Amino acid sequence: MNTIEIKKISLEELAQLQEIGRQTFQETFSESNSEENMKSYLEEGFSDEKLTAELTDENSEFYFAIFENKVIGYLKINFGASQTELKDNKALEIERIYVSKEFHGKSVGQLLYIKAIEIAKEQNSEYVWLGVWEENHRAIQFYKKNGFVEFDKHIFKLGNDEQTDIMMKLKLTK
């Protein structure tokens, strides 16, 4: 496979982020959720306003995975007060790693994950944490394979459906 480029996203790339975000979320979760809840989440979660706020937040960063000039996945990380839950200055949150279905199993998620760990180490984070839906067994296995351990649970609302996310953490070595 040719080289996959990992590139930081700017506000000018909002439309591409919206497209890959909606596509990969749909591919990942549409079979397990109602059409109404998916439609609601895709509209709100990837609206121009929400993505503009996230892209201009100094404590959040997005990265594209690009293959042959096509966006095939993305990463969103959060620091400090922008973390969705813990808000620990010694931590980095991986909020999202999503890869287009046609590129599953081709190490794209691993490259995005490695980028997140590099940034966490540059920031002198003590650990990286994330939440993953308890029914997303593929993702849970991916994170366990990379050394993450479960430490808590929280509720994620998708439309009117309350779902349980497993919270996982990886302690970084200096």
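Predicted model: local features only at pLDDT ≥ 70, side-chain atom pairs only at ≥ 80, totals over all residues.
Biologist: Let's start with A81. Why is A81 called exposed?

Modeller: Its relative accessible area is 60%, and the word exposed applies over 50%, so A81 qualifies. You will find A81 in the loop between β3 and β4.

Biologist: Which residues is N146 in contact with, leaving aside neighbours within four places in sequence?

Modeller: Those are Q110, Y113 and L170.

Biologist: How do you know that the side chain of N146 makes a polar contact with the backbone oxygen of F142?

Modeller: A polar atom of that side chain lies 3.0 Å from the backbone oxygen of F142. The cut-off for such a pair is 3.5 Å, so this one counts as a polar contact.

Biologist: Now the sheet. What is the order of its strands?

Modeller: The order is β1-β2-β3-β4-β5-β7-β6, in an open sheet of seven strands with mixed pairing.

Biologist: Why are β1 and β6 said to stand at the edges?

Modeller: β1 (4-8) and β6 (149-158) each have a single partner strand, so one side of each has no neighbour in the sheet. On average, neighbouring strands here are turned by 25° against each other, direction ignored.

Biologist: What makes β6 and β7 a pair?

Modeller: Two strands pair if there are at least two bridges between them. β6 and β7 have nine, in the antiparallel sense, so they pass that test. For example, V149 stands opposite K169 in β7, and I155 stands opposite T164 in β7. The hairpin of these strands has two residues between them, and G159 takes a positive phi near 65° there.

Biologist: How do you know that β5 and β7 also pair?

Modeller: By the same test: seven bridges join β5 to β7, which run antiparallel. In β7, K169 is the bridge partner of W129.

Biologist: Which helices lie against this sheet?

Modeller: Among them are two. Helix α2 (residues 35-45) lies across β6 and β7, at about 95° to β6. Helix α3 (residues 48-55) packs on the sheet and touches β2, β3 and β4, its direction making about 105° with that of β2.

Biologist: Why do you say that the buried residues of α3 line one face of the helix?

Modeller: The buried residues are L51, E54 and L55. Seen down the axis of α3, they fall within an arc of 95°, so they line one face. They pack against α1 (14-29), α2, β2, β3 and β4.

Biologist: Last, the largest nonpolar core. Which of its 32 residues touch the most other members?

Modeller: I77, I94, Y143 and F148 do. Several elements give two or more residues to this core, including β3 (70-79), β4 (91-99) and α5 (137-145), and α4 gives the largest share, seven residues.

Biologist: What does I94 touch, not counting residues up to four places away in sequence?

Modeller: Its contacts include L75, I77, Y113, A116, W129, Y143 and F148. Apart from this core lies another, of 20 residues, among them F29, M38, F62 and V71.

Conventions: Residues numbered from 1 in each chain as written. Heavy atoms only, no water. Core = buried A, V, L, I, M, F, W, Y, C linked by side-chain atoms within 4.5 Å. Buried < 20%, exposed > 50% of the residue type's maximum accessible area, 1.4 Å probe, protein only. Helix = DSSP H or I, 4+ residues; strand = E, 2+ residues; numbered from the N terminus. Contact = heavy atoms within 4.5 Å. Axes fitted to C-alpha atoms, helices over the stretch in contact; angles between N-to-C directions. Arc of directions from axis to C-beta. Polar contact = N/O pair within 3.5 Å; in protein donor to acceptor, adjacent residues only side chain to side chain.
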